[in-house]
Amino acid sequence: MSRLKDKVAIVTGGAGGIGAASAQRFVEEGARVLMVDRDEAALARAAAQIGAAASSFVADVSDERQVDAYTQAAVERYGGLDVVLLNAGTFGVLSSIEDYSVQAWDRVVAVNLRGAWLGLRAAIPHLRRRGGGSIIVTSSIQGFSAFPNSSPYTCTKHAVVGMMRNAALELARDNIRVNTVHPGLTDTDMMGYLHRTAAPGAPQAAMDAFAKTAPMRRYAQPREIANMMLFLASDEASYCSGACYVVDGALTASWAPTPD
Ligand SMILES: NC(=O)c1ccc[n+]([C@@H]2O[C@H](COP(=O)([O-])OP(=O)(O)OC[C@H]3O[C@@H](n4cnc5c(N)ncnc54)[C@H](O)[C@@H]3O)[C@@H](O)[C@H]2O)c1
(Lines give C-alpha, C1' and ligand atoms only; values in the text may rest on other atoms or scores of the structure.)
Protein backbone atom coordinates (compact mmCIF):
# COMPACT_ATOMS: atom_id res chain seq x y z
CA MET A 1 0.00 0.00 0.00
CA SER A 2 2.87 2.42 0.51
CA ARG A 3 5.62 1.60 -1.95
CA LEU A 4 5.26 5.13 -3.41
CA LYS A 5 4.23 6.95 -0.25
CA ASP A 6 4.71 10.73 -0.60
CA LYS A 7 5.91 10.41 -4.20
CA VAL A 8 4.70 12.53 -7.08
CA ALA A 9 4.53 10.94 -10.53
CA ILE A 10 3.79 11.96 -14.09
CA VAL A 11 2.34 9.34 -16.43
CA THR A 12 2.06 10.24 -20.11
CA GLY A 13 -0.34 8.35 -22.33
CA GLY A 14 -2.47 8.11 -19.22
CA ALA A 15 -5.87 8.01 -20.91
CA GLY A 16 -5.96 4.25 -21.28
CA GLY A 17 -4.09 0.99 -21.56
CA ILE A 18 -0.72 0.69 -19.87
CA GLY A 19 -0.62 4.36 -18.82
CA ALA A 20 -3.97 4.32 -17.01
CA ALA A 21 -3.14 0.99 -15.34
CA SER A 22 0.22 2.38 -14.19
CA ALA A 23 -1.35 5.54 -12.79
CA GLN A 24 -3.82 3.31 -10.93
CA ARG A 25 -1.01 1.14 -9.47
CA PHE A 26 1.01 4.22 -8.46
CA VAL A 27 -1.99 5.69 -6.63
CA GLU A 28 -2.75 2.36 -4.93
CA GLU A 29 0.78 2.54 -3.50
CA GLY A 30 0.46 6.07 -2.17
CA ALA A 31 1.58 8.36 -5.02
CA ARG A 32 -0.13 11.43 -6.39
CA VAL A 33 -0.17 11.29 -10.16
CA LEU A 34 -0.50 13.78 -12.99
CA MET A 35 -1.93 11.91 -15.95
CA VAL A 36 -1.10 13.41 -19.36
CA ASP A 37 -2.68 12.64 -22.71
CA ARG A 38 -3.90 14.40 -25.82
CA ASP A 39 -7.26 12.56 -25.71
CA GLU A 40 -9.13 14.93 -23.40
CA ALA A 41 -12.34 12.94 -22.92
CA ALA A 42 -10.69 9.58 -22.30
CA LEU A 43 -8.14 11.21 -19.99
CA ALA A 44 -10.84 12.86 -17.88
CA ARG A 45 -12.64 9.50 -17.57
CA ALA A 46 -9.45 7.65 -16.60
CA ALA A 47 -8.45 10.23 -13.98
CA ALA A 48 -11.96 10.32 -12.48
CA GLN A 49 -11.95 6.54 -12.19
CA ILE A 50 -8.72 6.62 -10.18
CA GLY A 51 -9.95 9.30 -7.79
CA ALA A 52 -8.67 12.30 -5.88
CA ALA A 53 -4.97 11.34 -5.90
CA ALA A 54 -4.88 11.67 -9.70
CA SER A 55 -5.43 14.69 -11.88
CA SER A 56 -5.23 15.26 -15.60
CA PHE A 57 -3.39 17.55 -17.99
CA VAL A 58 -4.18 17.61 -21.70
CA ALA A 59 -1.02 17.88 -23.80
CA ASP A 60 0.62 16.65 -26.97
CA VAL A 61 3.92 15.13 -25.84
CA SER A 62 5.63 16.00 -29.13
CA ASP A 63 5.34 19.73 -28.41
CA GLU A 64 8.14 21.27 -26.35
CA ARG A 65 6.01 23.97 -24.72
CA GLN A 66 3.26 21.54 -23.80
CA VAL A 67 5.80 19.15 -22.26
CA ASP A 68 7.31 21.94 -20.18
CA ALA A 69 3.77 22.95 -19.16
CA TYR A 70 2.72 19.48 -17.96
CA THR A 71 5.98 19.07 -16.05
CA GLN A 72 5.53 22.45 -14.37
CA ALA A 73 1.90 21.62 -13.60
CA ALA A 74 2.90 18.47 -11.70
CA VAL A 75 5.39 20.43 -9.60
CA GLU A 76 2.90 23.23 -8.91
CA ARG A 77 0.00 20.92 -8.07
CA TYR A 78 1.93 18.47 -5.90
CA GLY A 79 5.03 20.36 -4.71
CA GLY A 80 7.74 18.37 -6.53
CA LEU A 81 8.42 15.44 -8.81
CA ASP A 82 9.87 11.96 -8.15
CA VAL A 83 8.76 9.61 -10.92
CA VAL A 84 8.21 10.15 -14.65
CA LEU A 85 6.70 7.43 -16.82
CA LEU A 86 7.12 8.46 -20.47
CA ASN A 87 4.59 6.10 -21.96
CA ALA A 88 2.62 7.99 -24.62
CA GLY A 89 3.11 6.35 -27.97
CA THR A 90 1.72 5.82 -31.41
CA PHE A 91 2.06 2.76 -33.63
CA GLY A 92 1.75 4.84 -36.80
CA VAL A 93 0.21 3.15 -39.81
CA LEU A 94 0.76 -0.37 -41.10
CA SER A 95 2.78 0.20 -44.25
CA SER A 96 5.87 -1.08 -46.00
CA ILE A 97 9.03 1.03 -45.94
CA GLU A 98 8.55 1.84 -49.63
CA ASP A 99 5.04 3.15 -49.07
CA TYR A 100 5.56 4.92 -45.75
CA SER A 101 5.05 8.65 -46.21
CA VAL A 102 7.61 11.05 -44.76
CA GLN A 103 4.82 12.85 -42.95
CA ALA A 104 3.60 9.66 -41.24
CA TRP A 105 7.21 8.70 -40.39
CA ASP A 106 7.86 12.13 -38.84
CA ARG A 107 4.75 11.87 -36.68
CA VAL A 108 5.79 8.54 -35.13
CA VAL A 109 9.29 9.88 -34.46
CA ALA A 110 7.88 13.11 -33.00
CA VAL A 111 5.64 11.30 -30.52
CA ASN A 112 7.67 8.22 -29.58
CA LEU A 113 11.20 9.63 -29.62
CA ARG A 114 11.12 13.43 -29.40
CA GLY A 115 8.20 13.21 -26.96
CA ALA A 116 10.13 10.92 -24.63
CA TRP A 117 13.29 13.02 -24.91
CA LEU A 118 11.41 16.24 -24.17
CA GLY A 119 9.73 14.68 -21.15
CA LEU A 120 13.01 13.32 -19.84
CA ARG A 121 14.79 16.63 -20.33
CA ALA A 122 12.07 18.66 -18.64
CA ALA A 123 11.98 16.38 -15.59
CA ILE A 124 15.70 16.43 -14.77
CA PRO A 125 15.98 19.67 -12.75
CA HIS A 126 12.91 18.78 -10.69
CA LEU A 127 14.14 15.27 -9.88
CA ARG A 128 17.55 16.65 -8.99
CA ARG A 129 15.91 19.07 -6.56
CA ARG A 130 14.35 16.08 -4.75
CA GLY A 131 17.73 14.35 -4.47
CA GLY A 132 16.93 11.75 -7.13
CA GLY A 133 14.10 9.95 -8.85
CA SER A 134 13.04 7.42 -11.44
CA ILE A 135 12.44 7.91 -15.17
CA ILE A 136 10.83 5.04 -17.04
CA VAL A 137 10.33 4.97 -20.81
CA THR A 138 7.88 2.55 -22.39
CA SER A 139 9.67 0.87 -25.26
CA SER A 140 8.42 -2.44 -26.69
CA ILE A 141 9.61 -5.86 -27.77
CA GLN A 142 10.01 -3.88 -31.00
CA GLY A 143 12.87 -2.18 -29.15
CA PHE A 144 14.82 -5.42 -29.75
CA SER A 145 13.21 -6.95 -32.80
CA ALA A 146 10.97 -5.99 -35.69
CA PHE A 147 7.44 -6.53 -36.93
CA PRO A 148 6.75 -6.01 -40.64
CA ASN A 149 5.26 -2.77 -41.94
CA SER A 150 5.96 -0.70 -38.84
CA SER A 151 9.47 0.62 -39.48
CA PRO A 152 9.21 3.98 -37.64
CA TYR A 153 7.70 2.24 -34.62
CA THR A 154 10.58 -0.26 -34.56
CA CYS A 155 13.15 2.51 -35.05
CA THR A 156 11.77 4.72 -32.29
CA LYS A 157 11.39 1.86 -29.82
CA HIS A 158 15.06 0.95 -30.43
CA ALA A 159 16.09 4.60 -30.21
CA VAL A 160 14.61 5.19 -26.76
CA VAL A 161 16.92 2.44 -25.48
CA GLY A 162 19.91 4.51 -26.56
CA MET A 163 18.37 7.61 -25.05
CA MET A 164 17.74 5.76 -21.79
CA ARG A 165 21.34 4.53 -21.62
CA ASN A 166 22.75 8.00 -22.23
CA ALA A 167 20.50 9.51 -19.59
CA ALA A 168 21.31 6.77 -17.08
CA LEU A 169 25.03 7.56 -17.41
CA GLU A 170 24.58 11.31 -17.25
CA LEU A 171 22.23 11.20 -14.25
CA ALA A 172 23.65 8.36 -12.14
CA ARG A 173 25.43 10.65 -9.72
CA ASP A 174 22.26 12.65 -9.24
CA ASN A 175 20.61 9.43 -8.05
CA ILE A 176 18.21 9.63 -10.99
CA ARG A 177 17.55 6.14 -12.34
CA VAL A 178 16.52 5.70 -15.99
CA ASN A 179 15.18 2.46 -17.49
CA THR A 180 13.06 1.16 -20.35
CA VAL A 181 10.19 -1.31 -20.10
CA HIS A 182 9.49 -3.60 -23.05
CA PRO A 183 5.94 -4.95 -23.07
CA GLY A 184 4.95 -7.81 -25.33
CA LEU A 185 1.43 -8.26 -26.69
CA THR A 186 -0.79 -6.27 -24.36
CA ASP A 187 -4.57 -5.93 -24.51
CA THR A 188 -4.99 -2.19 -25.20
CA ASP A 189 -6.41 0.14 -27.85
CA MET A 190 -3.08 0.14 -29.67
CA MET A 191 -3.35 -3.58 -30.38
CA GLY A 192 -7.02 -3.05 -31.21
CA TYR A 193 -5.91 -0.81 -34.07
CA LEU A 194 -3.57 -3.55 -35.32
CA HIS A 195 -6.30 -6.20 -35.15
CA ARG A 196 -8.77 -4.04 -37.09
CA THR A 197 -6.18 -3.16 -39.72
CA ALA A 198 -4.64 -6.59 -40.12
CA ALA A 199 -8.04 -8.32 -40.32
CA PRO A 200 -10.84 -5.87 -41.19
CA GLY A 201 -14.14 -7.28 -39.98
CA ALA A 202 -12.51 -10.02 -37.89
CA PRO A 203 -10.46 -8.33 -35.16
CA GLN A 204 -10.99 -11.17 -32.67
CA ALA A 205 -9.52 -13.65 -35.16
CA ALA A 206 -6.46 -11.42 -35.53
CA MET A 207 -6.09 -11.20 -31.76
CA ASP A 208 -6.38 -14.99 -31.41
CA ALA A 209 -3.75 -15.47 -34.12
CA PHE A 210 -1.32 -13.06 -32.41
CA ALA A 211 -1.96 -14.70 -29.03
CA LYS A 212 -1.00 -18.08 -30.51
CA THR A 213 2.48 -16.74 -31.29
CA ALA A 214 3.07 -16.16 -27.57
CA PRO A 215 4.38 -19.05 -25.44
CA MET A 216 1.73 -18.25 -22.82
CA ARG A 217 -0.92 -18.19 -25.56
CA ARG A 218 -2.43 -14.98 -24.28
CA TYR A 219 -2.01 -11.22 -24.15
CA ALA A 220 -0.83 -9.38 -21.07
CA GLN A 221 -3.34 -7.29 -19.21
CA PRO A 222 -2.17 -3.67 -18.80
CA ARG A 223 -1.88 -4.18 -15.05
CA GLU A 224 0.76 -6.88 -15.58
CA ILE A 225 2.93 -4.27 -17.33
CA ALA A 226 2.04 -1.64 -14.73
CA ASN A 227 3.46 -3.89 -12.00
CA MET A 228 6.91 -3.54 -13.61
CA MET A 229 6.45 0.23 -13.86
CA LEU A 230 5.65 0.26 -10.15
CA PHE A 231 8.74 -1.74 -9.25
CA LEU A 232 11.03 0.58 -11.22
CA ALA A 233 9.31 3.66 -9.78
CA SER A 234 9.75 2.44 -6.21
CA ASP A 235 12.78 2.46 -3.93
CA GLU A 236 12.90 -1.35 -4.25
CA ALA A 237 14.63 -0.66 -7.58
CA SER A 238 17.26 1.57 -5.94
CA TYR A 239 20.19 -0.04 -7.84
CA CYS A 240 18.33 -0.52 -11.13
CA SER A 241 19.38 1.94 -13.81
CA GLY A 242 20.45 1.91 -17.42
CA ALA A 243 18.65 -1.33 -18.26
CA CYS A 244 15.84 -2.88 -20.28
CA TYR A 245 13.04 -4.74 -18.49
CA VAL A 246 11.10 -7.15 -20.69
CA VAL A 247 7.53 -8.15 -19.75
CA ASP A 248 6.48 -10.37 -22.64
CA GLY A 249 5.47 -13.80 -21.33
CA ALA A 250 8.59 -15.33 -22.96
CA LEU A 251 7.68 -14.11 -26.44
CA THR A 252 11.17 -12.88 -27.32
CA ALA A 253 12.79 -15.95 -25.75
CA SER A 254 11.73 -17.93 -28.80
CA TRP A 255 12.77 -17.51 -32.46
CA ALA A 256 9.54 -19.14 -33.69
CA PRO A 257 6.08 -19.85 -32.29
CA THR A 258 6.29 -22.61 -29.70
CA PRO A 259 4.50 -25.82 -30.75
CA ASP A 260 1.25 -26.82 -29.01
N1 LIG B 1 -0.21 -2.70 -26.39
C2 LIG B 1 0.92 -3.33 -26.68
O3 LIG B 1 0.90 -4.50 -27.07
C4 LIG B 1 2.25 -2.62 -26.51
C5 LIG B 1 3.40 -3.39 -26.65
C6 LIG B 1 4.63 -2.77 -26.49
C7 LIG B 1 4.71 -1.42 -26.20
N8 LIG B 1 3.57 -0.70 -26.07
C9 LIG B 1 3.73 0.73 -25.75
O10 LIG B 1 2.99 1.02 -24.59
C11 LIG B 1 2.69 2.41 -24.57
C12 LIG B 1 1.24 2.59 -24.19
O13 LIG B 1 0.43 2.07 -25.23
P14 LIG B 1 -0.89 1.21 -24.95
O15 LIG B 1 -0.64 -0.14 -25.46
O16 LIG B 1 -1.33 1.39 -23.55
O17 LIG B 1 -1.91 1.85 -26.00
P18 LIG B 1 -2.96 3.04 -25.85
O19 LIG B 1 -3.30 3.40 -27.25
O20 LIG B 1 -4.04 2.64 -24.93
O21 LIG B 1 -2.13 4.20 -25.14
C22 LIG B 1 -1.35 5.15 -25.81
C23 LIG B 1 -1.77 6.51 -25.29
O24 LIG B 1 -0.87 7.50 -25.79
C25 LIG B 1 -1.63 8.64 -26.13
N26 LIG B 1 -0.91 9.46 -27.08
C27 LIG B 1 -0.58 9.13 -28.36
N28 LIG B 1 0.05 10.15 -28.96
C29 LIG B 1 0.11 11.16 -28.02
C30 LIG B 1 0.64 12.47 -28.03
N31 LIG B 1 1.22 12.98 -29.12
N32 LIG B 1 0.54 13.21 -26.91
C33 LIG B 1 -0.07 12.71 -25.81
N34 LIG B 1 -0.60 11.47 -25.75
C35 LIG B 1 -0.50 10.71 -26.84
C36 LIG B 1 -2.93 8.07 -26.69
O37 LIG B 1 -3.97 9.03 -26.70
C38 LIG B 1 -3.19 6.90 -25.77
O39 LIG B 1 -3.98 7.26 -24.65
C40 LIG B 1 3.06 2.95 -25.94
O41 LIG B 1 4.30 3.63 -25.87
C42 LIG B 1 3.19 1.69 -26.77
O43 LIG B 1 4.07 1.87 -27.85
C44 LIG B 1 2.34 -1.27 -26.21
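Figure 1. A backbone N or O atom of N87 is placed 2.8 Å from an oxygen atom of the ligand; the structure shown is a predicted model. A polar side-chain atom of Y153 lies 2.5 Å from an oxygen atom of the ligand. R107 also takes part, with a polar side-chain atom 3.4 Å from a nitrogen atom of the ligand. On its own, the ligand has 820 Å² of accessible area, and the protein covers 93% of that area.

**Figure 2. The shell of residues around the ligand.** Two or more residues of the shell come from each of the elements α1 (17-28), α4 (102-129), α5 (151-171) and α6. Among these elements, α6 gives the most, with 3 residues. There are 28 residues around the ligand, of which I18, D37, N87, Y153 and T188 come nearest. Sorted by class, the shell consists of 11 nonpolar, 11 polar and 6 charged residues.

**Figure 3. The buried and exposed sides of helix α6.** Helix α6 spans residues 189-198, and its residues M191, G192, L194 and H195 are buried. These four residues lie on the same side of α6, because they cover an arc of only 160° around the axis. D189 and R196, on the other side of α6, are exposed. The cover over the buried residues of α6 includes α7 (203-212).

Figure 4. I10 is part of strand β1, which comprises residues 8-12. With a relative accessible area of 0%, I10 is buried, because the limit for that class is under 20%. Leaving aside residues up to four places away in sequence, I10 touches L34, V36, Y70, T71, A74, L81, V83, V84 and L85. I10 and F57 are separated by 47 residues in sequence, and their C-alpha atoms are 9.9 Å apart in space.

Figure 5. Helix α5 contains S151. The relative accessible area of S151 is 17%, and this residue therefore counts as buried, the limit being under 20%. When residues up to four places away in sequence are not counted, S151 touches I97, Y100 and W105. Helix α5 is also one of the elements that give two or more residues to the shell around the ligand.

**Figure 6. Positive phi at N175, in the loop between α5 and β6.** Most residues other than glycine have a negative phi. N175 is a residue other than glycine with a positive phi, near 60°. The loop that holds N175 runs between α5 and β6 (176-183). The relative accessibility of N175 is 47%, so this residue counts as partly exposed.

**Figure 7. Positive phi at A250, in the segment after β7.** A250, a residue other than glycine, has a positive phi near 75°. This residue is found in the segment that follows β7 (244-247).

Note on methods: Residues are numbered from 1 along each chain as its sequence is written. This is a predicted model: local features need pLDDT of at least 70, side-chain atom pairs count only at pLDDT 80 or more; totals for chains, interfaces and linings use all residues. Side-chain values use heavy atoms; hydrogens and water are left out. Buried means under 20% relative accessible area, exposed over 50%, partly exposed in between (1.4 Å probe, protein chains only). The arc is that of the directions from the helix axis to the C-beta atoms. Contact means heavy atoms within 4.5 Å. A residue is near a molecule or strand if one of its heavy atoms lies within 4 Å of it. A polar contact is a pair of N or O atoms within 3.5 Å; within protein, one must be able to donate a hydrogen and the other to accept it, and residues adjacent in sequence count only if both atoms are side-chain atoms. Accessible areas come from the Shrake-Rupley method with a 1.4 Å probe; for residues, only the protein chains shown count as cover. Ala, Val, Leu, Ile, Met, Phe, Trp, Tyr, Cys and Pro count as nonpolar, Asp, Glu, Lys and Arg as charged, and the others, Gly among them, as polar.
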